[in-house]
Amino acid sequence: MAQPLEGLIRSLPDYPKKGIIFRDITTLLQSPSGFRQAVDEMVQPFAGSGIGCVAGIEARGFILGGAVAHQLSVGFVAIRKKGKLPWQTLSVEYELEYGSDEVEIHTDSFEPGQKVLIVDDLIATGGTACAAVQLVRQAGAEVVGASFVIDLPDLGGREKLAAMDVPVRTLISFEGG
Ligand code: AMP
């Protein structure tokens with residue numbers, strides 16, 4: 001039976017720095033029924049969309065994305081922080097509140113036009129997810145959607161993905177940053 005997943009998220013005020021409430025999904029992952037429900041709900045709107053591959057964003061997106069890929073019986077591709085992938089890469093740099101970050105993907109990750117679902121634990125400003133969408137598109141695949149456990153709607157990430165024509169699935173939302 002479906003349970004409210006919100007109660008399985010641990011919220012840590014002022015972590016990793018003052019003013020941030022860190023939304024910790026490790027407590028959700030520890031729950032056998034919570035983990036299964038989260039994966040089922042992340043997949044649900046995209047079942048029957050012909051998804052051929054899941055792309056998970058480092059690092060919590062690997063755990064959820066691997067499970068989502070297994071559920072859909074498709075392969076998994078890692079979107080990693082700069083300098084971690086061993087083969088030829090494409091990279092996209094994106095702005096953070098202070099400074100910038102860069103994510104990479106292997107050039108040969110997808111079949112041309114393959115339908116891809118992007119997965120991460122949380123969408124905040126959307127910077128990371130938008131960079132992931134650009135990478136998947138540059139690698140020649142089609143982004144069918146993006147699925148997250150948590151949305152921080154006040155930070156506007158969902159709208160940024162919508163502006164890139166990416167349907168977004170989130171399971172829980174928390175007000176504030
Ligand atoms: P953004 O690029 O701003 O959408 O940030 C999303 C990425 O940062 C995700 O990979 C999240 O895991 C992480 N993140 C951002 N804010 C939080 C938060 N409040 N709690 C936990 N993780 C966060």
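View 1. Arginine 158 counts as partly exposed, at 28% relative accessibility. Aspartate 151 is buried, with a relative accessible area of 4%. Buried means under 20% relative accessible area, exposed means over 50%, and partly exposed lies in between (1.4 Å probe, protein chains only). The two side chains form a salt bridge, with the closest N and O atoms 3.4 Å apart. Here a salt bridge is a side-chain nitrogen of Lys or Arg within 4 Å of a carboxyl oxygen of Asp or Glu. By this rule the count comes to 6 salt bridges.

This is a predicted model: local features need pLDDT of at least 70, side-chain atom pairs count only at pLDDT 80 or more, and totals for chains, interfaces and linings use all residues. Residues are numbered from 1 along each chain as its sequence is written, and side-chain values use heavy atoms, with hydrogens and water left out.

**View 2. A salt bridge between aspartate 121 and arginine 60.** The N to O distance is 2.5 Å. The pair links distant parts of the chain, 61 residues apart: aspartate 121 sits in strand 7, arginine 60 in helix 3 (residues 60–72). Helices (H or I, at least four residues) and strands (E, at least two) are DSSP runs, numbered from the N terminus. Aspartate 121 is buried, at 4% relative accessibility. Arginine 60 is partly exposed, at 35%.

**View 3. Aspartate 14 meets lysine 18.** Their side chains form a salt bridge of 3.8 Å, N to O. Aspartate 14 is partly exposed, at 41% relative accessibility. Lysine 18 is exposed, at 73%.

View 4. Two strands pair if DSSP finds at least two bridges between them. Valine 92 has valine 103, in strand 6, as its bridge partner. The hairpin has 4 residues between its strands, and glycine 99 in the turn has a positive phi of about 90°.

**View 5. The largest pocket.** It holds about 1000 Å³ of space. A pocket is an open set of points on a 1 Å grid over the protein atoms alone, where a 1.4 Å probe fits, with protein on both sides within 12 Å along at least five of seven lines; lining residues have an atom within 4 Å of a point. The volume is the space filled by probe spheres set on the points, which are joined across faces, edges and corners. The lining has 32 residues, and Leu96, Leu122, Ala124, Thr125 and Thr128 lie nearest the centre. Strand 7 gives the largest share, 4 residues.
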